[in-house]
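Please keep the sequence and the structure in view while reading.

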Amino acid sequence: MNENKKIAIIGLGYVGLPLAIEFGKKRHVIGFDIDYKRVDSLKNGIDLTFEVSSENLKNTKNISFTTKLSELKECCIFIVTVPTPVHHDKGPNLSPLIKASEMIGSVLKPGDLVIYESTVYPGATEEVCIPILESISKLVINKDFSCGYSPERINPGDKDRHLTTIKKVTSGSSEIAAKEVDKLYKEIIKAGTHLAESIKIAEASKVIENTQRDVNIALINQLSIIFNKLDIDTESVLKAAATKWNFIPFTPGLVGGHCIGVDPYYLIHKSKEAGYTPELIVSARKINEFMGQHLTNKVIDLMDSKNIKVVNSNILIMGFAFKENCPDFRNTRIIDVYQNFKKLGCNVDIFDPYVSSIEVKEEYGVNLIDKPKNHKYDAIVIALSHDIFKKYTLFTIRKFGKKTHVLFDVKYIYKKENVDGRF
């Protein structure tokens with residue numbers, strides 16, 4: 001591989017931007033995104049995802065950011081990091097991936113290499129993406145150009161596990177392409193790479209990573225429901241079980257985000273297409289999607305036990321991102337809790353200093369509050385264990401509530417004897 005080949009990163013989100021930064025230390029990189037606001041902020045040295053510091057952005061001399069497709073014509077390597085969400089019916093939504101493939105196809109040249117990082121079902125790259133590249137470019141795979149698949153493993157908000165310290169799975173459309181892709185990523189991945197035997201294997205390896213986590217969390221969520229009915233504290237049970245060396249530590253909660261709450265549906269789709277319904281994976285999804293309703297039910301029961309009227313009550317939800325210490329609220333399941341309370345006639349405030357209130361308003365039509373008011377709320381739900389929330393004393397949290405109120409701690413921030421309920 002010619003080490004002077006310029007790289008184009010298609011999609012500058014949580015995955016694409018860190019990738020652009022790392023490759024920018026070795027090569028010339030053009031970061032492309034259709035979001036004008038995103039590109040403008042990056043040009044000004046601001047990353048609203050907080051994955052890359054302003055210092056790193058401003059010191060990246062080998063990187064340029066653009067929304068102009070024409071500027072990608074000088075690139076010979078294209079890496080696609082666009083999102084792969086699901087439709088309302090939970091079927092795979094490949095629209096961003098298809099559009100990205102169409103754009104690349106229009107500038108693709110003989111000798112170019114296209115690598116996909118977006119999570120898909122096994123077969124998507126070869127069945128959907130490559131035919132689009134061939135059709136638009138009029139080039140032939142493995143004759144005129146080559147392809148690879150190297151699934152992203154970025155963990156948004158994780159300050160300990162960075163792109164370069166996470167082992168990378170690589171693959172290619174031919175033996176030569178696979179070696180080329182593997183060599184490329186070895187330039188930046190300190191943890192090393194794993195060269196998979198085929199693109200389908202690499203695709204499958206990624207989609208089962210999050211499916212496995214989804215199933216494991218579903219088990220713990222179901223156990224928490226059982227223990228609640230048996231009047232047993234779930235955290236205490238998990239602590240006791242964790243004393244055995246091979247017990248896997250998971251905790252109950254709301255499962256959202258653009259990975260764990262989405263990827264299993266891609267595998268379910270492909271499995272059903274092949275004539276098999278994966279009952280365990282389907283059941284795990286049903287359990288995890290039910291947890292928002294379960295949380296609402298528990299809070300309402302506690303309110304009833306304290307003779308707090310539900311209709312016109314004031315509810316405070318602390319947290320809206322899909323995970324802790326992260327501004328990403330894509331597919332957050334906290335919205336389910338919000339909507340459940342609204343349907344019951346409650347007045348609901350959401351407080352999350354990590355999340356952009358403007359973006360939440362645009363996406364969900366929900367107004368976030370700047371700060372909770374004291375002595376206002378009939379029920380307080382701590383939905384996320386943001387570091388800033390952990391700094392609040394129990395007195396501070398309780399002060400948000402009325403004289404008689406309910407405090408529900410989803411994330412075990414406080415001791416069980418200091419709250420009214422938790423998973």
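## Helices H4 and H5

In this predicted model, helix H4 (residues 95-107) and helix H5 (residues 124-137) have axes that come within 8 Å and cross at roughly 30°. The crossing in which H4 passes H5 is right-handed.

On the side of H4, the contact is made by Leu97, Ile98, Ser101, Glu102, Ile104, Gly105 and Ser106, while H5 brings Val128, Cys129, Ile132, Leu133, Ile136 and Ser137. Sorted by class, the contact of H4 with H5 has eight nonpolar, four polar and one charged residues.

## Helices H10 and H11

Two packed helices are described by the angle between their axes and the distance between the axes. For helix H10 (residues 279-305) and helix H11 (residues 334-343), the packing angle is about 45° and the axes are 8 Å apart.

The crossing of H10 with H11 is right-handed. Here Gly292, Gln293, Leu295, Thr296, Val299 and Ile300 in H10 meet Val337, Asn340 and Phe341 in H11, and by class this contact has five nonpolar, four polar and no charged residues.

## The second largest pocket

How many residues line the second largest pocket, and which of them lie nearest its centre? The lining is made of 48 residues, and those nearest the centre are Asn155, Arg213, Ile217, Ile260 and Lys323. The volume of the second largest pocket is about 1300 Å³.

Helix H7 (199-229), helix H8 (234-241) and helix H13 (387-390) each supply at least two residues of this lining, and the largest share, six residues, comes from H7. When the lining of the second largest pocket is divided by class, there are 21 nonpolar, 11 polar and 16 charged residues.

A cavity, unlike an open pocket, is a space where a 1.4 Å probe fits but cannot get out, and the count of cavities of 30 Å³ or more comes to one. The largest cavity holds about 50 Å³ of space.

Which residues line the largest cavity? The lining consists of Val15, Glu117, Glu152, Arg153, Ile154, Leu163, Ile166 and Lys168, and these residues divide into four nonpolar, no polar and four charged.

Notes
Residues numbered from 1 in each chain as written. Predicted model: local features only at pLDDT ≥ 70, side-chain atom pairs only at ≥ 80, totals over all residues. Heavy atoms only, no water. 1 Å grid on protein atoms, 1.4 Å probe; cavity = no way out; pocket = protein on both sides within 12 Å on 5 of 7 lines; lining within 4 Å. Points joined across faces, edges and corners; volume = space filled by probe spheres on them. Helix = DSSP H or I, 4+ residues; strand = E, 2+ residues; numbered from the N terminus. Nonpolar A, V, L, I, M, F, W, Y, C, P; charged D, E, K, R; others polar. Axes fitted to C-alpha atoms, helices over the stretch in contact; angles between N-to-C directions. Left-handed = near helix turned anticlockwise from the far one by under 90°. Contact = heavy atoms within 4.5 Å.
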